[in-house]
Amino acid sequence: MKFYTPLVLAGLSLVSLFSCTATQTTMKTPTEKLTLERIYQDKEFTTERAPYFRWLDDGSGYTVLEARDKATKNNADDEHGVKGSDIVFYQPDSAGRKVLVTLEQLTPEGADNALTIEDYQWSDDGKWLLVFTNGQKVWRSRSRGDFWVLNLQTDKLYQLGGTDPEATSLMFAKFSPDSQRVAYVQHNNIYMEDLGSHEVTALTTDGNDNIVNGNFDWVYEEEFSIRDGFRWSPDSKNIAYWQLDTSGVEYFTMINNTDSLYPTLTRFPYPKAGEQNSAVRVGVVEVANQQTHWANLSGDNRDRYIPRISWAGTSEALLIQDVNRPQNTNKLRLFNWQKGELTTIYTDHDEAFLEWYYAAQWEEDGSHFIWHSERDGWRHLYRISRDGKSIVDLTPGNYDIVDLIALNEKTNSLFFIAAPEHPEQRFLFKASLDGSEPVKRITPQQYAGQNSYYMSKDASWAMHTNSRFNQPPMSEIIKVEGHQPVKELTTNDELKQKLAKENLPEHEFFQVEARDGVALDGWVMFPPNMDTTKKYPIIFYVYGEPWGSTVQDSWGGDSYLWASMMAQEGFIMASVDNRGTRAPKGRDWRKSIYKKIGSLTVRDQVDALDAMAKRWSQIDTSRVGVWGHSGGGSSTLNLLFRHGDKFHVGVAQAPVADIRFYDSIYQERYSGNPKTDPDSYTQTSPITFAKDLTGELLLVHGTGDDNVHYQGTEALINELVKYNKQFEFMSYPNRSHSLREGDGTTLHLQTMKTEFFKTHLQ
């Protein structure tokens, strides 16, 4: 039920100095109106993206994949990597160009073409290059494929996996810190290969279809955003790893009716809410003797989660985050693997649920670590001692930090993203690692909107990117000290000039109150040259769940253009963040929806509509539409089923119609366990209220959705049929949750959605 950014219509909450209002209409002479074909087929408004590069650890510069010449440039960029390219070094100001690795060096002996580079990494000693290529998709990521190593001193290139004919089945290969070995996962076991000698050692041997070493099952990858399940120790002598036992977990089956003469099946363990989970445990294997030392955590390993582990600065102990099944308690346990000792040093607890699991950032000597917590009601960064007795708030105040970017012990500095005054915007801040200095904003005042930073390891340089709701991004390299611009990377000036010629709508950012006084942020777009004496239909874009926020002052790309096109067609377009969404507005904002997703969340949307209608008389409350994807599809269904007097037309894409059908980790975190909290599931699932549909519904789902299963939509169809509720329905064969695979899919979906709203609201 995740929030997929390609479907986000970015916006800005709160009335601010940067707002435009409906009465401040700027008259433009359009070249032509926006159309679906211009946006999705001809791709007239493609955004120029900054080059993908890697900072070197010493901060001396960065490396980038670069096409050899103009003759190869047109064919250099592949959907899944870059071919025909050298790896080139630049100083931070883009001077000092030097080719570090040529495409000839990356051409295997006897091969006609160089490797297509999907990913690469340097060994710490600078003598080896590791290249990932020929990637294959495993759920959402291309994490299985071929790994090649290049000796930068001898130019010898060879493939990892030795003579194994199934070398393409390798995953997550990475150098040891001493640059002597590479470890990887193959067939659910962890292997180690000595660089140069090709000697392969199996560090685990019990991996099979049920026992998963150094890797994860579907639900861990999806809900904890982790794929790589092992960690080298700092001294390169040991590897800590997760092991999952999926035996007993029920399998979900998807059917493919179209890719062959006879249907084929895909089956995988998928624990639904309240059902049996995989058992999880963590061990440390010694590379010298292949012996694993297991952390003896008490209790049932099927009713706990271990979302993060990290070496505690040195190689003596491992920090294990031990989370209970309800996900309201996270016990940080130090595991002295040589002595077999476990010590609980810190506990995070919340009466509702823990928002997320962040990796502990350890100082080099292991004396302290940096920790995210909402312990005082706001998401702050804390410096905690190894024994847990000293806890210092490094970012005090009534605001949330959004993301930790970098820290540098030598300069006693820590950099993070926050938005203390404007929850829809993002800025860079600096704090001290010991809490001795006040927090200072680094992003200059002229950069309103969303600012992101990709920093060098020493935090001296960064790629800075800035965008606004209706302004495509610009990117530059900066010297972090003083935020000094060093090199302009992208401006998107050509796209900005093109947009300036379009008759784009004005937009306004606002705040309204829910019935109980809670402030709700939103954005609204008005038809160009709107007649303020007339009324117009309105369409809401909604997500509404804890994994995303729709009200952000950032460039929305095609989604922004689609909303602009609909405004040109005479619709008012809007979006509101109900409470519970991932906005930096404090613990109470996020936790208030515990066991109330689908009830309180959509009530906020109703309250926002009522307040907006009072503020803008142009809103025709008899013609209100709504659409959303995934959790937004669920919100759309609940609005139509539970508040049909307010919301009349809806498009629900890939919705969770019955939350009992969704996975255990996500759904139990926010809704409790259906075996102990059945009312929470009944009273918040759209399917319960399907009998009350009075408006127009377009229901859309991909049959190959491994995330939000097509099964739930079929159950909803049965319920709607049972009560003779007429609706429109579209299934996309074998499309996944994103609904974008296959020729013409996006244009077809957007056309269908557009015409549905035009038919029923105009």
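**Close-up 1. Packing of helix 5 against helix 12 in the predicted model.** Helix 5, which spans residues 558–568, packs with helix 12, spanning residues 745–761, at an angle of about 30°, and their axes lie 12 Å apart. Because angles under 35 degrees count as roughly parallel, helix 5 is described as roughly parallel to helix 12. The crossing in which helix 5 passes helix 12 is right-handed.

**Close-up 2. Residues in the contact between helix 5 and helix 12.** From helix 5, the residues Trp 562, Met 565 and Met 566 take part, and they meet Gln 750, Lys 753, Thr 754 and Phe 757 of helix 12. Sorted by class, this contact of helix 5 with helix 12 comprises four nonpolar residues, two polar residues and one charged residue.

**Close-up 3. The largest cavity of the predicted model.** When the whole structure is searched, four cavities of 30 Å³ or more are found, and the largest cavity holds about 70 Å³ of space. Its lining is made up of 11 residues, and those that lie nearest the centre of this cavity are Glu 545, Ile 597, Gly 598, Ser 634 and Thr 684.

**Close-up 4. Make-up of the lining of the largest cavity.** Helix 8, covering residues 631–642, supplies three residues to the lining of the largest cavity, which is the largest share. In terms of residue class, the lining of the largest cavity includes six polar residues and four nonpolar residues, together with one charged residue.

Notes. Residues are numbered from 1 along each chain as its sequence is written. This is a predicted model: local features need pLDDT of at least 70, side-chain atom pairs count only at pLDDT 80 or more; totals for chains, interfaces and linings use all residues. Side-chain values use heavy atoms; hydrogens and water are left out. Axes are lines fitted to C-alpha atoms, for helices over the stretch in contact, and angles run from 0 to 180 degrees between N-to-C directions. Helices (H or I, at least four residues) and strands (E, at least two) are DSSP runs, numbered from the N terminus. Angles under 35 degrees count as roughly parallel, over 145 as roughly antiparallel, 65 to 115 as roughly perpendicular and the rest as oblique. A crossing is left-handed if the near helix is turned anticlockwise from the far one by less than a right angle, and right-handed if clockwise. Contact means heavy atoms within 4.5 Å. Ala, Val, Leu, Ile, Met, Phe, Trp, Tyr, Cys and Pro count as nonpolar, Asp, Glu, Lys and Arg as charged, and the others, Gly among them, as polar. On a 1 Å grid over the protein atoms alone, a cavity is a set of points where a 1.4 Å probe fits but cannot get out, and a pocket is an open set with protein on both sides within 12 Å along at least five of seven lines; lining residues have an atom within 4 Å of a point. Grid points are joined across faces, edges and corners, and a volume is the space filled by probe spheres set on the points.
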